[in-house]
Amino acid sequence: MTRLRSILQALVLLIGTMSAAMAGPYEDALPKLAADSYADTEAAIGLVAGSGHARAMNVVEALRDGRLMVAAGQVYIRDAAGQFVDVATGQAVEPPAGAKPVRVNNRVRRAVEAALGSMTLLSPEPGIRMDAARAVFRSRDAAALPTLERAIAEENDVGVREALESARAAILLNKPDASSSEKLAAIEILHARGDQDALALLSSLSPGTPAEVSDTAAKAADGIRSRLALWSGLQNVWYGISLGSVLLLAAIGLSITFGTMGVINMAHGEMVMIGAYTTFLVQEMIRTHAPGLFGASLFIALPLAFLVAGLIGILIERTVIRFLYGRPLETLLATWGISLILQQGVRTIFGPTNREVGTPAWMSGALELGGLSLTYNRIAIVVFAFAVFAALLLVLRYTSLGLYVRAVTQNRRMAGSMGIRTSRIDALAFGLGSGVAGIAGVALSQIDNVSPNLGQGYIIDSFMVVVFGGVGNLWGTLVGAMTLGIANKLLEPYAGAVLGKIVLLVAIILFIQRRPRGLFALKGRAVEA
Amino acid sequence: MLKMTRRHMMALASAALVSGAVMGTAQAQETIKVGVLHSLSGTMAISETTLKDVMLMLIEEQNKKGGLLGKKLEAVVVDPASNWPLFAEKARELISQNKVSAVFGCWTSVSRKSVLPVFKELNSILFYPVQYEGEESERNVFYTGAAPNQQAIPAVDYLAKEEKVERWVLAGTDYVYPRTTNKILEAYLKSKGVKSEDIMINYTPFGHSDWQTIVADIKKFGSAGKKTAVVSTINGDANVPFYKELANQGVKATDIPVVAFSVGEEELAGIDTKPLVGHLAAWNYFQSVDTPDNKAFIEKWKAFTKNDKRVTNDPMEAHVIGFNMWVKAVEKAGSTDPDKVIDAIVGVEVPNLTGGVSKMLPNHHITKPVLIGEIKEDGQFETVSQTDALVPGDAWSKYLDGSKDLIADWKDLKCGNYNTVTKKCGA
């Protein structure tokens, strides 16, 4: 008898849970997902996330990755192998005909982020918990509060705990029924966080906030503002250094061809462009033949870009420029003609549109350093620019080629009398300058368009740097590039990009009037030559 | 030396053209000539070369259908080389030497302004396929791209309604199109109750490549606790470094969306679009629009260019509409005489590629649907909003003081800038 009763009870319970499962939020969400309208999808995400269902996580992740499919009112998850799983039953099924991914827009994306955040707060991986904390910080979803409290209590990692606490602070500050003391504690945490996101939260309190809370928040916001103002000065200097290193890269090859050889090389920018296109070709080869090497693609492109641009440089020197030494106007016009030919040549071969050069994963993202945000690709370019500069300095100072180049530029006839084949040195030096421009192209492909016009944007700036720094002096080029870069970036926030550039140009014109030979003028015989 | 080189190249090019034209006349006496005035070299080649190809395809196709008025069509292609004064010279060459019946061309507003006097003087027809700043209506020009009320204003409305945006960054390249568009948008936003301190306007030079400061400023502007969006009229090459910097500084579409008026499929083909997913663009056409007409067009385009990866974009559709309208108008008038075509074309209706029927209006603008799309990972757009009906293009903006009383009507009033208050033309 008792046995029968217990069986009956179990049965009732089972039916109970089954029917509950049939009508749970997870099941309610499925027809909404199948409807495939943005508003329904958004509502469905909330239901799924709150359902606690075993497959809830898979559904939201599939939606994020565009793998949540709809066919004939049924919702499926497609896995990486292309297998379909029915979301309602969890059974693998034959791929249904006409399956389409559920459409996603920014609103849905935000909801997915928030849902994933609240669902992964208790994940065993600290990295995932960190992302979850950030997602909850952005979404400020009060429903996540209980889980958040639990996560904070269990958290061992200091960094993650901080992120979790600021997420809680963000929620509490926006929660109408949170007490004043909770809100004040939240303001304290956000003040300590001290970044732009915290500032945004502190300066957007809801209208009904008590006066003491809003006063404290205003004070904290002011504190953050003045701290950020200090950092932004430093940040501008960093932007200046990074712009300066781009200018340095673009100009350093020119400082050899123009600076030491005296050739007004208008095709210099096209050497940069050729370097960038070499990078594009290398990446295309890697994409099709060895995708695993993609992270190293730039390193493979460097020597190739140097060779290709250098050889083209030597070719130009041998066929055109060597007949024009000592005739600056003709050189200027001839090299400009060459630059047009090269541009149109590249346009004919590769088409007029931009080519896509990918950024390796290690160069994406930003490093947060106090209040500074340093993007990895800019760090890489700054380091690279200085490395190229140092290498070129060493080549000119310590190799026999460098010695010959210096000898020829200082006194061509004397060097010739000493047995140096001056014309060969001319060609090699021009090749060196062009090759360095090619290397610059590899770096610039990371931040600019890879199009036939790439070089044009840099040619004026390059000449400005070399002339300003002092013709014939590598150090002058370095100081000139950095000065122009930093001055430009310090001016820009006040004058705007257009006016800033004009102001800088005028300043350079005035400077050249006072010191026609630039910052670091060469002294001695080379000047008279 | 340089001048020599360029002159040589030009001479060569025009020699080739002239010989082509001569041969054309020798072989078939009766052809109707169509001028194609798009830059094939220089900075604008990146955008305009595609439009030249579209025109060639459309003309070839029309010839397969038996031509026009029983005659074959013949394309006369010239290269104004992204050089604004050269646009005027080449336009004159097309009209007076090659005797073309209509010209399809120009991209930048400054090139259009440069050819306007030529088309007026020689009384010919220009079809202009690019979205522009409005504030213009000429008897000899047909504007098949979007006017501001067919692109900029619906985009801002979408952001305000769907994304609840309250703070606006208007970022543009420093020339006439962004300046006028931003002036209209600023007046429009203020009329909707947006305060001056919630609007930030920023201009950058052509080809600007260092966006670090500006992106940081945008981030700062966006941290005032109100939802912020960027309305971008940044043009051409400057877009790639702008989007790259946005991605690097971690500005995501879910935080600060950017809606662009000059970024289409063609521009996105040169960028790694993964970090840009969710940023928006407003156009009247997307390649991803799922209609039978569009599908057929894309197939024809890929076959014509013999390249499976070629994308289609909005100005291409504008040329398709413009060309079909011109063909219909010529058939209706029974002649290619510009005066007759100008009279016949108003009211002509042709299907566009997004499933509607566009109509030429008396102000020489056309009706178009407005589509807002979000960038997808594959560089295409997902349409997230589309107007129910087609929107007629306004030549003169309702939101600017100088132009709100003006209308253009070439049918009854025969005037491009009729003042409805003073009842005078040209005020």
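Colleague: How many bridges join strand 4 and strand 5 of chain B, and in which sense do they pair?

Modeller: The model is predicted. In it, strand 4 of chain B, residues 126–128, pairs with strand 5 of chain B in the parallel sense, over three bridges.

Colleague: Which residue is the bridge partner of B:Tyr128?

Modeller: B:Tyr128 has B:Tyr143, in strand 5 of chain B, as its bridge partner.

Colleague: And what is the strand order of the sheet in chain B?

Modeller: The order is 2-1-3-4-5, in an open sheet of five strands with parallel pairing. Strand 2 (72–78) and strand 5 (141–143) of chain B are the edge strands, each pairing on one side only. From one strand to the next, the twist averages 25°.

Colleague: Which strands does helix 2 of chain B touch?

Modeller: Helix 2 of chain B, residues 45–64, packs on the sheet and touches strand 1 (31–37), strand 2 and strand 3 (102–105) of chain B. The direction of helix 2 makes about 165° with that of strand 2 of chain B.

Colleague: Where does helix 3 of chain B lie?

Modeller: Helix 3 of chain B (residues 84–97) lies across strand 1, strand 2 and strand 3 of chain B, and runs at about 180° to strand 1 of chain B.

Colleague: Turning to chain A, how do the axes of helix 3 and helix 5 cross?

Modeller: The axes of helix 3 (residues 38–51) and helix 5 of chain A come within 9 Å and cross at roughly 5°. The two helices of chain A are therefore roughly parallel.

Colleague: Which residues meet there?

Modeller: Helix 3 of chain A brings residues including A:Tyr38, A:Ile45 and A:Ala49, and these meet a set in helix 5 of chain A that includes A:Val108, A:Ala111 and A:Met119. By class, this contact of helix 3 with helix 5 of chain A has eight nonpolar, three polar and two charged residues.

Colleague: What about the contact between the chains: how many residues does each give?

Modeller: Chain A gives 51 residues and chain B gives 46 residues. On the side of chain A that touches chain B, helix 14 of chain A gives the most, with eight residues. That side of chain A has 15 nonpolar, 23 polar and 13 charged residues.

Colleague: Lastly, which domains are assigned in chain B?

Modeller: The assignment gives domain 1 (30–146 + 293–368), domain 2 (149–289 + 371–386) and domain 3 (396–427). The centres of domain 1 and domain 3 of chain B, taken over C-alpha atoms, are separated by 26 Å. Nine residues of domain 1 of chain B are in contact with nine of domain 3 of chain B.

Notes:
Residues are numbered from 1 along each chain as its sequence is written. Chains are lettered from A and ligands numbered from 1 in the order in which they are written. This is a predicted model: local features need pLDDT of at least 70, side-chain atom pairs count only at pLDDT 80 or more; totals for chains, interfaces and linings use all residues. Two residues are in contact if their C-beta atoms, placed from the backbone, lie within 7 Å. Helices (H or I, at least four residues) and strands (E, at least two) are DSSP runs, numbered from the N terminus. Ala, Val, Leu, Ile, Met, Phe, Trp, Tyr, Cys and Pro count as nonpolar, Asp, Glu, Lys and Arg as charged, and the others, Gly among them, as polar. Two strands pair if DSSP finds at least two bridges between them. Axes are lines fitted to C-alpha atoms, for helices over the stretch in contact, and angles run from 0 to 180 degrees between N-to-C directions. Angles under 35 degrees count as roughly parallel, over 145 as roughly antiparallel, 65 to 115 as roughly perpendicular and the rest as oblique. Domain bounds come from an automatic or database domain assignment.
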